[in-house]
Amino acid sequence: MKADNRSFSRRRLVAGALMAPAVFAEKTAAPAGKVWSGEYWAHKGDVKLYMFRKRASAPKAGEKALPVLFLIHGSSNSGKSSFDLATPGKGEYSVMNVFAGLGYDVWTMDHENYGRSSQTQSNSDIASGAQDIKAGVDVIAKETGAQKVHLMGESSGAIRVGVYAMLEPERVDRVVLGAFTYKGDNSPTLTERAKGLEFYKTHNRRLRDRAMIRSIFTRDKPGTTDPAIAEFLADEELKFGDQVPTGTYLDMTSKLPLVDPKKVLGPVLLVRGEYDGIMKL
């Protein structure tokens, strides 16, 4: 099976968890050029958090609200690069375009010290990320009227989602956790990453250069991804520099578990890649 087909299958799995099959069957991905988008800012105290939104058409006063999907990025890349990456000649890799075409009001954000958001002295740990989500959900409620949102997070973003779901269960509808790490036992990636624990304790930033971004695509099983996509991703992310926070790495190598499953009250879908070395329980 081609990589693009696998990618579509994962999107269909997530879509099936968030909407009725009949609704999914009636929707198709909207062409990227026809998807409406908007930019917003959330505020966490003095910290400004960049937010990006896509839907099939511009919002209009008095119209029926669309279901909201809020996408939360992981440790090494920002929101738009993670979920709205343009890959000319390689097919559709924008999750935001796909779900806008499926009838969703789709949002993402850059966490503190990522992408376009405020740069501070914080290490942007999981607890900080959950507060970012809280600020973002407030903006979404104001702009859409939605009192509940669907949340999807990847890797450390999934842990952020889980922590937020515990803090404000009344604001959370359905939850999708991709490469979620509960305890991290027997995780090859976390075992290797833990060798840098003392560094994470004493430094708030780590190197995230082109080689590191490429390694995301090859560290588990080379050949399962298109290497060209890593270059598109690196081109976008390196616009923001070659340093990212250490907080999520510190939490994932020394503080797990951070999520109590009994306190995540809504329906949850766990998405696990066949060769994902970070997602072991």
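Asn 113 sits in the loop between strand S4 (105-109) and helix H5. Helices (H or I, at least four residues) and strands (E, at least two) are DSSP runs, numbered from the N terminus. The model is predicted, so local features need pLDDT of at least 70 and side-chain atom pairs count only at pLDDT 80 or more, while totals for chains, interfaces and linings use all residues. Residues are numbered from 1 along each chain as its sequence is written, and side-chain values use heavy atoms, with hydrogens and water left out.

Asn 113 is not a glycine, yet its phi is positive, at about 75 degrees. Asn 113 is buried, with a relative accessible area of 3%. Buried means under 20% relative accessible area, exposed over 50%, and partly exposed in between (1.4 Å probe, protein chains only).

A positive phi of about 55 degrees is found at Ala 179, also not a glycine. Ala 179 belongs to the loop between strand S6 (172-178) and helix H7 (188-193). Its relative accessible area is 12%, and Ala 179 is therefore buried.

Asp 132 lies in helix H5 (residues 126-144). Asp 132 is buried, at a relative accessible area of 1%. Its side chain makes a polar contact of 2.9 Å with the side chain of His 111. A polar contact is a pair of N or O atoms within 3.5 Å; within protein, one must be able to donate a hydrogen and the other to accept it, and residues adjacent in sequence count only if both atoms are side-chain atoms. Leaving aside residues up to four places away in sequence, Asp 132 touches Lys 44, Leu 49, Met 109, His 111 and Glu 112 (contact: heavy atoms within 4.5 Å).
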